[in-house]
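Me: I'm new to this one, and I'd like to learn how its parts get their labels. Could you take me through it?

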Amino acid sequence: MELCTRTFTSFLLFNPSFSPNSVFLRANPNATTPLKFNSLKLSSFSPHVHLFQPFLSPHISSPFTLSAAASASSSSVAVGTEQDRLPAELKVTETEEPKSRVRLHVEVPSLVCEDCYKRVITEFMKQAKIPGFRPGKKVPENILISYVGSQNVQKATIESILRRTLSHAMTSVTGRALQDSVQIVTKFSEMEETYSSLGSLRYDVLVDIAPEIKWIPDNNAYKNLKIVVEIDSDIDAHRASEQEFRRRYKSIGALKVVIDRGLQVGDVAVLDISATTIDQDESNVKSIPSAESKGFNFDTEYGEQVLPGFLDSIIGIQRGESKSFPLVFPETWKQENLRGVHAQFTVECKELFYRDLPELNDSIADKLLPECTTVEQVKDLLLQKCLEVEQTAREQATDNAILDQISKIVEVDIPKSLFEEQGRQLYGANLLEIQAKMKLNEQQLATLSSSKAVNEFLEHQKENITNLIKQSLAVGDIYKRENLQFVTEDLVKEVENSIAEFKRQNQEYDEERVKGQVQEILEGAKVLEWLREHAEVQYVTK
C-alpha cells in the first residue's frame, strides 16, 4: 500500500529548499550522492608493463606489446610484483612531493643495460625473418641490426630496461602505490640520448601513494563526538501522518467551480503569474522568469509553503480577476540570486474551485486506504508507516551529520589520481541518473560525456568530492583502529543479492569487484553504527 506520499504542482513561489516528497533530512545539504566507502586500490605489480611504442620495421613483428608513441613526454604504466634478478643494483632516490605523491629518480647501471640489450637481440633473432637465414637460427649481430635498424634496436632496448627495472625501482613504495597512478615522466628522447652517450639509463617515476590521515587534534578526535542534527519539521511522524490523511481525504472529493464568491483558504485556483523587479528607474526593471507561471494549480492549503505574503495578497480574487501587488523575497530564500529582491507580482485567476468532500465516517475508510474498515484504522496505519519513515530519516540524518563532522576533523593530502577517480565515479553516477530520467539522445550523451564536461564537474564539485574522500578514508581508518568486524554471512548474502540483481538486469559484472564493494559498504555501516553509539547527539527541529 502507498503511504506517506504527497504530490502537487509547484513553481518558484515554493521555496526550493522544501521538498514535499522528501523523506530525508538536511543534515548534509552539500552531499549530492550517498557515500560509498571505497578502500584504496593499491598497485599490484605485473611483469607485463606497457610503456613506449618504438617505430618497428614492417618486416618484423615486435616481441613487445607497447602502448604509447616514442615521442611521448610521459606514459602511464601498470606494474607488478614478479621480478627477475638484475646483474647489478639500481640506484633509486625517493623524493616526497605534494598531494601524497613520490618522485623516484632511477639510475640503471651499464651492466643492467647491457644484459637487456642481449635479451632484445635474442628476441629479435627469434622473430625476424631475414632472407637467407632460417627462422630461429642465429644471425650475425651486425646483419640483424642492419636489417632491423639500429634505432629500433635502441628503442626496444630502452623498453626492455624499463620493463625489467621498474618493479625493482618501485620496491620502496610497494603496498603504498595507488593503482593506475604510476607514470614515467622522463621524455623518451632524453632516455635515448643518455643511453646512446653513456650506455646507462636514468628516468623519473611519479607515483601517488596512499595518503596518511591526521586527526585533529589527536587520534582520539573521532571518539565521543558531539553532533547537532537538524530535523525538518515536515518529517515529524504525527504531522506527516495528519497531512497524508488530509491529502487522501481530499483526493476522494470532487472539485466544483466557485461561482458567487472570491478565493478562500481551502480552494484550488488556476493562476497565471508574472513578476518583475521593482526599481525607481523603469529602464532597470526586469522580469523574473523563474517566478512566472502559466496555468499554475495552487492548492491554498499549502499557502505557508509559498512566498510569504503571496496567499494573503490574492485572498478574495475571483475568476477572471487580476491583482497586482509587491512582495519581497526573504533572505532565507533558497535561490540566492532572489534573496532580498523586491518584486511586483501580477496574478490572474483563470479558474477557481472548491472541494465537495464526503462525510468523514467509516464508510469511506477503504477509499482512504484499501482493506481498512474504520477511519481510526486508517490513521493508525498511516502513523505507523510515518513513524518508520521518521526513524529511517533520523538515522540517515544522524549518519550524514556524523560524516560531515568527521570530514572537519581530519587532514588528508589527497592524491590527484584518487580525486579524479572519485570525481569521475560521482559524475558517472549522476550521468546515469540523468539518462534514466531524460532518455538522452546520442548527441546529448556525447556532450555530457566529453572531457570538458567532466573537468567542469570536477572543478565545480571540488569541495564535495574532497569531503567524500576524507569521509571515506576516515571511516576506513576508524574500522582498523577499533578492530571492527562484520558478520561473514552478511557479506555472502549481500553479494548473492547483488549478483542476482545484475543477472536480472542482464548486466555484466566482476564477482570479485562486487564482493569488494559490498565489503566496503558493510565496513562503513559498522563504523557508523560504532560512531552513533559513542556520539552525543542532539536533535534540533527547524
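Me: What does Leu531 touch?

Reply: Leaving out residues up to four places away in sequence, Leu531 touches Tyr222, Ile402, Ile406 and Ile478. Touching here is contact, meaning heavy atoms within 4.5 Å. Before we go on, please note that this is a predicted model, where local features need pLDDT of at least 70, side-chain atom pairs count only at pLDDT 80 or more, and totals for chains, interfaces and linings use all residues. Residues are numbered from 1 along each chain as its sequence is written, and side-chain values use heavy atoms, with hydrogens and water left out.

Me: Which residues have the most contacts inside the largest nonpolar core?

Reply: They are Trp215, Ile406 and Leu531, in a core of 52 residues. Helix α12 (residues 462-481) gives the largest share of this core, eight residues. A nonpolar core is a set of buried Ala, Val, Leu, Ile, Met, Phe, Trp, Tyr and Cys residues joined through side-chain atoms within 4.5 Å. As a general point, nonpolar side chains tend to be buried together in soluble globular proteins.

Me: What residues does the second, separate core include?

Reply: Leu90, Val102, Val153 and Leu201 are among its 40 residues.

Me: What makes Ser100 buried?

Reply: Buried means under 20% relative accessible area, exposed means over 50%, and partly exposed lies in between (1.4 Å probe, protein chains only). Ser100 has a relative accessible area of 10%, so it is buried. Ser100 lies in the loop between β4 (91-97) and β5 (101-108), and its phi is near 50°, a positive value in a residue other than glycine.

Me: Why does Asn506 count as exposed?

Reply: Its relative accessibility is 72%, and therefore Asn506 counts as exposed. Asn506 sits in the loop between α13 (488-504) and α14 (511-534). Asn506 is not a glycine, yet its phi is positive, about 55°.

Me: And why is Gly340 called partly exposed?

Reply: Because its relative accessibility is 25%, Gly340 counts as partly exposed. You can find Gly340 in the loop between β13 (322-328) and β14 (342-356). Leaving aside neighbours within four places in sequence, Gly340 is in contact with Val328, Phe329, Pro330 and Glu331. Gly340 and Val328 are 12 residues apart in sequence and 6.1 Å apart in space, C-alpha to C-alpha.

Me: How do you know whether α8 is roughly parallel or roughly perpendicular to α12?

Reply: Angles under 35 degrees count as roughly parallel, over 145 as roughly antiparallel, 65 to 115 as roughly perpendicular and the rest as oblique. Helix α8 (residues 375-408) packs against α12 at an angle of about 95°, with the axes 9 Å apart. That makes α8 roughly perpendicular to α12. On the α8 side the contact is made by Leu403, Asp404, Ile406 and Ser407. The α12 side brings Asn467, Lys470, Gln471, Ala474, Val475 and Ile478.

Me: What joins Ile216 and Pro217?

Reply: A cis peptide bond joins them, with omega about 5°. Pro217 is placed in the loop between β8 (213-215) and β9 (226-231).

Me: How many helices and strands are there in the protein?

Reply: The protein has 14 helices and 16 strands. Both are DSSP runs numbered from the N terminus: helices are H or I with at least four residues, and strands are E with at least two. Of its 542 residues, 41% count as buried.

Methods. Axes are lines fitted to C-alpha atoms, for helices over the stretch in contact, and angles run from 0 to 180 degrees between N-to-C directions.
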